Amino acid sequence: MSVSQTTFQAALLDAKALVPDGLTDAEAQPAGRRFSVYRNNVAVSLTEAMHQAFPVITKLLGTQNMDGLAGIFLRQHPPSSPLMMFYGEAFPDFLANMPQLSHLGYLPDIARLELALRQSYHAADSQAAPADALAVSPEDVLKARLSFAPSMQVIRSDWPIHAIWRFNTEADAPTPEAHAQDVLITRPEYDPIPQPLPSGGAAWIAHLQTGDTIGDAFEKTAAETPDFDLGTTLALLLQGGAITSVTIERLET
Amino acid sequence: MLDDALRSNRLPAAPGVGYKPQHFAQILEQAQPVAWLEIHAENYMGDGGRPLAQLRHLSEDFPISVHGVGLSIGGEGPLDPDHLTRLKHLISWLKPASFSEHLAWSTHDTHFFNDLLPLPYTDATLARVCAHIDQVQDTVGRQMLLENPSSYLAFEESTWSEPDFLREISQRTGCGLLLDVNNVFVSATNLDFSPQGYIDAYPLEKVGEIHLGGHDEDEDDHGHPLLIDSHGREVVDPVWTLLDYVLDRSGPKPVLVEWDTDVPDWPVLRAEAERAQVALDRVPA
C-alpha cells in the first residue's frame, strides 16, 4: 500500500481523518498515534509562528483564544512559502470575517499593523537623503518629488490603532481614546518605529508615492483635509530616515 | 558544473552551534569554544534589516553553515523555483562553508507545512530525490549535504534501508551527507533497530557534518517508547555515547549542537559545545 503526499497531507491537517493505511510501526501495526507527531509538529510550529507574528493580537485575545484561532487559520490558510517570517498575510481578513470577533472591530487593523512592522523589519536597507536635501526655497520644496525607503509603511485605520498598539506594548502608555488613527512606520536603523500620522498624512504620502510633487499632493490632500499639517508629516518622514531621495525639476530659463 | 573552489565543505572538524539572534552579543564578546555557526537558510531570505546585518557581521568571524529547512527535496511535485532562486542568492553572497538540506518533504500543492515530513524508501523516491538534488547542486553551483531524518513511523512500501538509500543518493548525485546522530538514536528507538548497526551500514566517508540535538520522550498506542526530535533540551548521554561510536570510526568531523525551541541562555548552549569538543579531543586526528 503506497501513501501519496496528497493522502498524507489530507490526514495531516484534519485531526479527525483516519491515519493513511501503509504507515506502520516496526511490527507492521498501524501507525496510529505515531502519525500525530507530524500533526502536532505542523500545528504547534505554525501556531508558534502566529504568536511570534502577532504578539499584540495574542495579548488582546489571550493566549488560549489565539491558539484556537490560529488552529482554524492554519488549516484554512497553510503557508504558501517557506519564508515563515511573512506568514499570516491573510490573518487580518480572516479576523474581519470571524462573526465572533465583530465586537472587536479594531483587531484586523491591529493585525495589519503587526504585519507591516514585520515587513518593515525585513525590508531592504536604504540610505536616507541628506539632511539638507529639502533646505531649498519654499517654491522649490513644492516642486520636489520624493522617493521612500522600502522599510516605510503606512497603515490607515478608523480605529486608534497606534494608541492600542502602544497600550499593549509599553508600560504606562495612556488609555486609547476612540478616534481614527493612521500610522507611519519608519526604520531609522534596524528597529521599525510606528508613529501616529496627522490627519491627511497618509493620503498625502500616497499621492507622493504615485509621483506627485509635494505641492500637488498637498493641494489634493488639503481639498479633503483642510487642516492637514504638512510640516509635522514631513518631519516624521525626515526624522525616520524614510525619504531616500528628493528630486526637484527646475524649468530651464 | 560545480565550482571546484566551492565544491568541498570548508567547516572545521570542531564544535559549532545553531545560531540564535539572542546570542549575538555574547558570541562576539569573548573567545568561544565554538568554531563555526549554522543558520537556517529561510530566516535570512528577507531583503535586509537586522538579520542580514548580523549574518554579515558573524560571517567575518566564523565559518557559516547554511542549513535549509524548506526546500522539500523529497516533494512529489517540482522544487519551488522562487525558493531555489532565493537559496542561490543567499549562497552566492554569503559563500558559506557548507550547505545542507533534509531527506524529507515539506511542500505539497503549494502548501508549506513547516515540518520535515517522511518519505518511503523506494526506487521512485530515489529517482525523484536524486533529480531534485542534481537540480539544487546545478543551481547553487556547489555540493550539498543531505541529512537523515528522525522517523516516527515506517512505510510499508519501503524497499531500501535508510543507510543504503543515503549511500545510493550520494553515489548518484555526488552530494555529501549530514549525519544527525540524535536522529539515528530517535529513529532506532522508535523503529526497533540498533543505532550502532545503522552507523556500521552508513557511508561515514561521505559525512561533511554531524548534528546533535535534544529530544522529548513519549509513547505510542501500545506503550512503545516514541522519541520526538524537538531540539528543545540538552543532548542525552546515550546520544553522546553514539557520537563517540561514530567519531571512533569516522575520525574528527564538524559537530553541531542544535537547540531551536525553548532556546537557553548562551552559557547552556556553550556548555554543550564544550562537551562536543571533549568528544572530538578523544579522537586521533
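Okay, let's start in chain B, where strands E2 (residues 36–40) and E3 (residues 64–67) pair in the parallel sense over four bridges. Strands here are DSSP runs of E with at least two residues, helices are runs of H or I with at least four, and both are numbered from the N terminus. Two strands count as paired if DSSP finds at least two bridges between them. In general, strands of a sheet pair through backbone hydrogen bonds, either parallel or antiparallel.

Quick housekeeping: this is a predicted model, where local features need pLDDT of at least 70, side-chain atom pairs count only at pLDDT 80 or more, and totals for chains, interfaces and linings use all residues. Residues are numbered from 1 along each chain as its sequence is written, while chains are lettered from A and ligands numbered from 1 in the order in which they are written.

Back to E2(B). B:Ile39 has B:Val66 in E3(B) as its bridge partner. On E2(B)'s pairing with E1(B) (residues 15–18), three bridges join the two, again parallel, and B:Val17 stands opposite B:Leu37.

How do the strands connect? E1(B), helix H2(B) (residues 24–29) and E2(B) make a right-handed β-α-β unit. E2(B), helix H3(B) (residues 50–61) and E3(B) make a right-handed one too. Right-handed means that, with the strands pointing away from you, the path from the first strand over the helix to the second runs clockwise.

Now zoom out: eight strands of chain B close into a barrel, in the order E1-E2-E3-E4-E7-E9-E10-E13, with parallel pairing. One of the pairs is E4(B) (residues 98–102) with E7(B) (residues 145–147), joined by three bridges, and there B:Glu101 stands opposite B:Leu146.

Last stop, chain A. At what angle do helices H2(A) and H4(A) cross? Roughly 115°, and the axes of H2(A) (residues 33–53) and H4(A) (residues 63–76) come within 9 Å. Axes are lines fitted to C-alpha atoms, for helices over the stretch in contact, and angles run from 0 to 180 degrees between N-to-C directions. The contact includes A:Leu46 and A:Met50 of H2(A), and A:Ala70 and A:Phe73 of H4(A); contact means C-beta atoms, placed from the backbone, within 7 Å. That's me done, thanks!

Note on methods: Contact = placed C-beta atoms within 7 Å.
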